[in-house]
Every structure is written in structure tokens, then in C-alpha cells.
Amino acid sequence: MMPAVAEQPKEFIRFRPAEIKVFRKRKRLPGPEWFERNINVPIGSRKGLYRNSNNPAMWGILHWATLPWVRTLVLAKGIQVGGTLIFYGLMLREAQYTADTALIVMADERSVKKLSKKRLQPMIDQSPALASIKSSNPDDTSIYSISLSHGFTIDIGWSSSEMSVSSESYRVVLLDEISKYKVRGNIEDAKGRTTVHQDTFKLWIWSSPGIDTDDPENRDPLMVEAEACDVMLEFFAKCPDCGKEQVMIFDRFGWPGQVNLQGQTEADPKAIRRNRSAWYQCEHCPSRWNDYKRDKAVLASMKTGWKPTDGEEIERPQSVYFHFPAWLSPYVSLSEVVASWLEAQGDEEKLRKWNNRFAGVSYRVNSTHAPELEALADRAEVYPAEVPMNAGILTAGADVQINRIEIEVVAWGVGNESWGIENQVFYGDPRLPDVWAQLDTYLSKRWKHESGVEIGLSRTFVDSGYCSSHVYKFTAPRKPRNIYSVKGASSAEAPEVLGPTKQRIGSTKAEVFILGGNKLKTTMFGYFDIAQPGPGYCHLPDTYDKTWYEQMQAEHQVAQKTNGRPVQVWQKKKANLANEAIDKRQYALAALMSLRVDIKAQIAALKSAAEPKEPQKQTASGPPGGFVRGWRR
């Protein structure tokens with residue numbers, strides 16, 4: 001019988017500290033609590049360790065984003081709300097607790113290069129929890145990728161790079177400023193990277209909104225993602241005086257005004273911004289909230305403010321949408337919101353930016369057409385004089401064609417109210433001097449104002465798209481008479497008027513204004529849409545013929561992509577349609593915009609000239625000549 005062999009003791013293998021960290025089951029802190037322990041705010045008026053009370057409305061987004069059943073979170077935000085800090089912090093929270101992978105997609109490569117060095121690396125270095133897992137290997141940190149010591153990897157790409165958004169699978173995907181993406185086809189590719197993590201992925205999408213259209217191919221991608229969410233949430237702030245909750249909307253903002261000479265109320269945006277005099281009117285009581293009360297109202301609803309607005313109750317929604325206007329942020333003054341809105345009136349581009357940046361909503365662009373022919377013709381009227389009393393200055397727009405030059409003279413009043421004065425056509429080859437001599441004589445003409453004073457043209461714009469050298473030769477020596485060449489900008493998003501800039505053709509130098517025809521036409525047709533006399537209204541004389549009205553119907557707006565973004569542009573309905581009436585009017589409008597003139601003062605001076613002058617009363621007795629001549633006698 002074999003002797004029993006003593007069993008050898010098993011050798012105990014001790015785990016290293018890093019391995020213990022990996023295998024230890026750690027309790028995950030909720031988003032709001034994790035932020036207060038781990039995120040430092042590097043810049044701004046409230047630097048230092050993150051505090052939820054400093055930006056109370058963000059508490060709910062941090063809470064919802066870290067709920068285990070919420071897979072997709074979409075945020076439409078105004079400016080200065082802290083959204084970017086929040087989502088990158090949420091990603092780093094995932095990095096502390098897992099060894100997964102994350103993908104960040106930005107609008108362009110330039111933004112990518114700024115992100116790693118100026119945001120992510122400082123956030124990791126300044127966080128006690130994250131600094132301990134930062135890799136000591138310099139090769140693990142680059143512009144396009146960051147690998148932490150326990151295996152969590154962050155890849156950073158941009159919207160126009162297919163390679164950077166479609167090469168790997170990721171559990172966490174962040175789409176930063178999605179409305180600014182120039183190439184939008186990669187959005188679905190980026191979202192598709194989460195497919196293998198069906199039960200655990202996190203998809204976070206945020207942006208200030210952009211332009212939205214009726215065309216399904218040119219929607220604002222942020223709004224497309226928002227509409228696909230299970231739940232849409234708005235923030236209900238609690239009034240510090242009556243305690244009732246409400247969604248803050250711009251319709252309930254108020255501000256002080258002043259009365260102008262016409263008895264109308266105007267507001268001074270500079271004074272409102274300087275004095276911080278705007279307020280929000282409570283929906284339920286007379287309380288007016290200034291910035292301090294607004295902050296109290298938002299803070300009071302920090303943990304309860306975000307509520308569904310679509311009426312549908314879903315117990316555990318997988319996708320949620322938040323609308324976060326700038327006026328919920330303590331970093332944005334109510335007076336700045338109001339002042340910026342006042343400054344945007346009458347300017348399509350500024351109004352779009354205000355909606356995107358402050359209201360946090362897409363700027364809706366619908367198909368726009370010129371006013372209907374009959375509607376325009378019905379407004380024809382007989383003026384009491386060649387130039388009516390409420391008009392102060394005249395401008396003209398001239399369009400050069402192959403066998404003629406056409407011109408319209410327009411009178412302007414307060415608020416860009418306009419009166420069409422005359423349409424003239426000078427026939428002749430613009431390559432020959434005769435037709436230019438006719439135009440030169442006409443531009444010296446004077447029209448009788450209702451006050452009895454004769455007035456001439458304040459500025460004339462002549463299109464140089466055809467026969468440019470001849471246009472320059474005509475306008476260059478006539479600069480003292482305020483006669484300038486113009487040419488259209490190449491970009492559909494160019495501002496209405498730029499310049500003048502100096503242009504040369506051969507030996508001829510001329511000062512030329514650059515016109516953003518797309519925006520000019522949008523403004524012009526917006527004026528024609530105004531139905532009642534007053535600011536912006538377009539008066540038409542009964543002398544305009546049917547051709548002018550027909551030409552005004554020649555164009556409409558269509559959506560097209562510019563730099564990957566949808567833009568509404570004006571185009572002819574048919575290639576063979578004449579549109580000279582549109583061009584002449586837009587040049588006359590641009591001429592007005594290029595002038596720095598006080599129309600109110602001009603009108604007042606003309607009215608004053610029309611008033612009969614009372615003879616001066618002689619107050620001193622004695623012979624003619626006054627005191628000195630009387631004394632010398």
C-alpha cells in the first residue's frame with residue numbers, strides 16, 4: 001500500500017492595486033452628486049468645484065442622463081447654459097466606472113483640435129477620481145484619441161470625416177453641435193456605432209438649433225432627433241412670490257419704452273442692457289422677475305422643474321428631449337435677451353440668430369413667394385404730389401440689359417415705408433455712349449415734394465453684372481453725385497450691403513458696393529407682404545404698367561444646400577422670365593441701406609419748409625437800422 005502523500009498548500013496570488021480597482025464592484029454616484037465631487041469649472045464667474053446650485057436647471061439633465069434606462073438624450077440649448085461642460089463631464093463619469101469606448105463627433109476638424117487640449121485633458125487633470133486613472137504613457141494621449149490606464153478610450157472625430165465616425169463600435173457616442181454639421185450623412189453612421197451595445201449604450205446629442213425647413217431633405221438634424229424622442233421636457237420655474245410653476249416664454253418678457261415724435265412707443269436696447277431694466281411677468285400674479293428673482297425661481301424648481309409637455313406619460317422612456325432657452329441660465333441676463341431681440345427687428349439674419357442662441361429653437365423657413373399680382377395691383381394709388389409728404393429721400397436702382405438701361409426711383413419714409421415714384425427705360429446699346437448720356441441727364445432730375453420743395457436723388461446704384469467696364473466708366477467720375485456701381489455677392493448668406501470696395505477694369509477705377517441679393521430680396525418681399533400703410537409698407541402709383549407687376553412675380557424661394565446646410569434662395573420660376581422690376585427695387589433698397597441719413601429729420605425739414613413763415617415782430621422803436629444807427633444820428 002502506497003504511503004499517503006501530504007497535500008501541498010496552494011500558493012496565494014495577490015492582486016495588484018490596479019486589478020483590485022477593476023474587479024471591485026463600485027456603487028455609481030448619481031450624475032448631480034458625481035459632478036459636485038469630480039468636476040472643476042475652469043473659467044467664468046463661478047470657477048472651482050462644480051455646484052448644482054450655480055446652474056440649477058442642469059440638475060435634471062444630469063439626473064436623467066444617468067438613469068439606467070435612458071439611452072438617448074437630446075438637448076436644444078441657448079448660449080451660455082453650460083451644456084458642453086455637462087456632456088463631457090458625463091462621459092468622464094462613464095470613464096471612471098467602466099473600461100468601454102466613447103466617440104465624440106464635432107462639427108469640423110478645427111473644433112476637434114481645440115477640444116482635447118483645452119477641455120478634456122484639463123477636466124481629467126483637475127478631477128481627483130480621473131487623474132488617478134490617467135495614463136502615464138504620452139502615446140495614450142493625442143488630438144484624436146485619449147486612452148486611460150484602465151482601458152477606457154475616447155476617440156474624437158468630425159462630421160465630414162467618414163473614417164472617424166464609422167470604424168469601431170462604441171458604447172458612448174456624443175454628437176456635439178449637431179446643427180452645425182456640414183455633412184449630415186455621417187450622423188446615422190455615428191449613431192450606428194452603438195448597435196452592439198443595445199442594452200447599455202448612451203447617445204447624447206446637443207446643439208444650439210439651426211435653420212429648419214419644410215423640405216424633409218433639409219431639416220434641422222437636431223429637431224429630427226428631438227421629434228424621435230419618447231418624451232419632450234420643458235422646465236417649470238416656481239414664482240418666488242406666488243409659488244406657482246410656469247414655463248418661461250418670451251411673450252411674457254417686458255421692458256421700458258419711450259414715446260417718439262409720432263406718439264409711438266420705442267425702446268432703447270442699449271439703455272435696457274446697461275440698466276438691466278427688462279423683466280419677466282409671472283403668469284399667475286403681478287410679480288415681475290428681475291435677474292435675481294429669475295435665479296430664485298429656477299433654483300426653487302431645481303429637482304422638480306423638468307416635466308413632459310406632450311401629455312404622454314411613459315414610465316421608463318428610453319429617449320428624452322430637453323428644451324433649455326438661454327434665459328433659464330444664471331449666466332444670461334433677461335435684459336440681454338430683450339436688447340438682442342430689439343436689435344434683431346427688421347434683420348432676418350439677426351432674428352434667426354436670436355431664435356437659435358437665446359430662445360433655443362430652430363428658425364423656421366417656409367417657402368416664400370412674391371405677393372400675388374392682383375393684391376399688388378389693388379394697392380395702386382394717386383399721390384397728392386410727385387413725392388408724398390411722409391417721404392424724406394429718393395434713391396434709384398438701375399439695371400443694365402443688352403439693349404437698354406432700366407431704372408426705378410423710390411421714395412422712403414420712416415421705418416422704410418416706401419413710395420414707387422417712376423420707372424424709366426432708356427433704349428440703346430450700353431457699349432455706346434448715347435444710352436449713358438440719357439441716364440446721366442435723368443439722374444440730374446428733381447421731383448416736387450408735397451411740401452413744395454424740389455428734391456433730387458440721394459443715391460443711385462447701377463448694376464455692373466453686364467458691361468462692367470462701361471458701368472465703371474460711368475459711375476467712377478460721378479461719385480460726388482452719389483452714383484455707384486454694384487455687383488452681387490457669390491454667397492447666398494452674404495449681408496445685404498458691403499463696401500464700397502475699389503475695383504479696377506483696365507485703366508478705370510471705381511468704388512463698388514457688394515450686394516447680398518438673397519437677403520435683400522427676402523427683406524424687400526417681406527415689405528411687400530405688409531398689408532397696411534406704415535413702417536415697411538410699399539405704396540405703388542397708378543402709373544406702373546402691367547409689365548412691372550408681372551416681373552414682380554418672376555421669382556420664388558427654394559431650398560438648396562450651401563456648405564452642407566439648408567438655405568432658402570431666390571430663383572426664377574422659369575429661366576425665360578424677366579425680373580428687372582425685382583432687381584431695380586432691390587438696388588434702390590440697397591442704396592437706402594448704404595446711406596447714413598436721418599429720414600425723420602429730412603421729413604421734418606421738408607415739412608418746415610412748407611409751413612408759412614410769420615413776419616418777425618419789431619420790438620424796438622426808432623428808425624430802421626436798430627440801436628447803433630439810431631445812436632449815430
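Biologist: How much space lies in the second largest cavity?
Modeller: About 40 Å³. This is a predicted model, where local features need pLDDT of at least 70 and side-chain atom pairs count only at pLDDT 80 or more, while totals for chains, interfaces and linings use all residues. Residues are numbered from 1 along each chain as its sequence is written, and side-chain values use heavy atoms, with hydrogens and water left out.

Biologist: OK, and what is a cavity here?
Modeller: On a 1 Å grid over the protein atoms alone, it's a set of points where a 1.4 Å probe fits but cannot get out; lining residues have an atom within 4 Å of a point. Grid points are joined across faces, edges and corners, and the volume is the space filled by probe spheres set on the points.

Biologist: Which residues line the second largest cavity?
Modeller: W412, N416, S418, M524, Y527, C538, R585 and L589. Helices α17 (517–528) and α19 each supply at least two residues of that lining. Helices (H or I, at least four residues) and strands (E, at least two) are DSSP runs, numbered from the N terminus.

Biologist: How does that lining split by class?
Modeller: Five nonpolar, two polar and one charged. Ala, Val, Leu, Ile, Met, Phe, Trp, Tyr, Cys and Pro count as nonpolar, Asp, Glu, Lys and Arg as charged, and the others, Gly among them, as polar.

Biologist: How many cavities of 30 Å³ or more are there?
Modeller: Two. The largest cavity holds about 40 Å³ of space, and its lining is Q121, I124, K134, T141, I146, S147 and L148. That makes three nonpolar, three polar and one charged residue.

Biologist: Which strand does β5 make a hairpin with?
Modeller: With β6, and five residues sit between the two. In the turn, G151 has a positive phi of about 115 degrees. Three bridges join β5 to β6, and the two run antiparallel; strands count as paired if DSSP finds at least two bridges between them. I146, from the cavity lining, stands opposite I154 in β6.

Biologist: Which strand runs parallel to β6?
Modeller: That's β4 (residues 101–106), joined to β6 by six bridges.

Biologist: Is β6 mostly covered or left open?
Modeller: Mostly covered: six of its six residues, 153–158, are buried. Buried means under 20% relative accessible area, with exposed over 50% and partly exposed in between (1.4 Å probe, protein chains only). In a regular strand the side chains alternate between the two faces of the sheet. In β6, T153, D155 and G157 are on one side and I154, I156 and W158 on the other, all buried.

Biologist: And how many residues of β3 are buried?
Modeller: Six of six there too, in residues 72–77. Strand β3 pairs in the parallel sense with β18 (residues 319–324) over six bridges, and five bridges join β3 to β8 (residues 202–207), also parallel. V74 has I205 in β8 as its bridge partner, while L75 has F322 in β18.

Biologist: Changing topic: which strands form the nine-stranded open sheet?
Modeller: In order, β20-β30-β23-β22-β21-β26-β27-β29-β28, with mixed pairing. Strands β20 (380–381) and β28 (497–505) stand at the edges with a single partner each, so one side of each has no neighbour in the sheet.

Biologist: What packs on that sheet?
Modeller: Helix α19 (residues 580–594) does, touching several strands, including β21 (391–401), β22 (404–413) and β26. A contact here is heavy atoms within 4.5 Å. Within the sheet, β26 (residues 457–463) and β27 (residues 483–488) pair in the parallel sense over four bridges.

Biologist: Last one: how many helices and strands does the chain have?
Modeller: 21 helices and 32 strands. Of its 633 residues, 48% count as buried.

Technical notes. Axes are lines fitted to C-alpha atoms, for helices over the stretch in contact, and angles run from 0 to 180 degrees between N-to-C directions. On a 1 Å grid over the protein atoms alone, a cavity is a set of points where a 1.4 Å probe fits but cannot get out, and a pocket is an open set with protein on both sides within 12 Å along at least five of seven lines; lining residues have an atom within 4 Å of a point.
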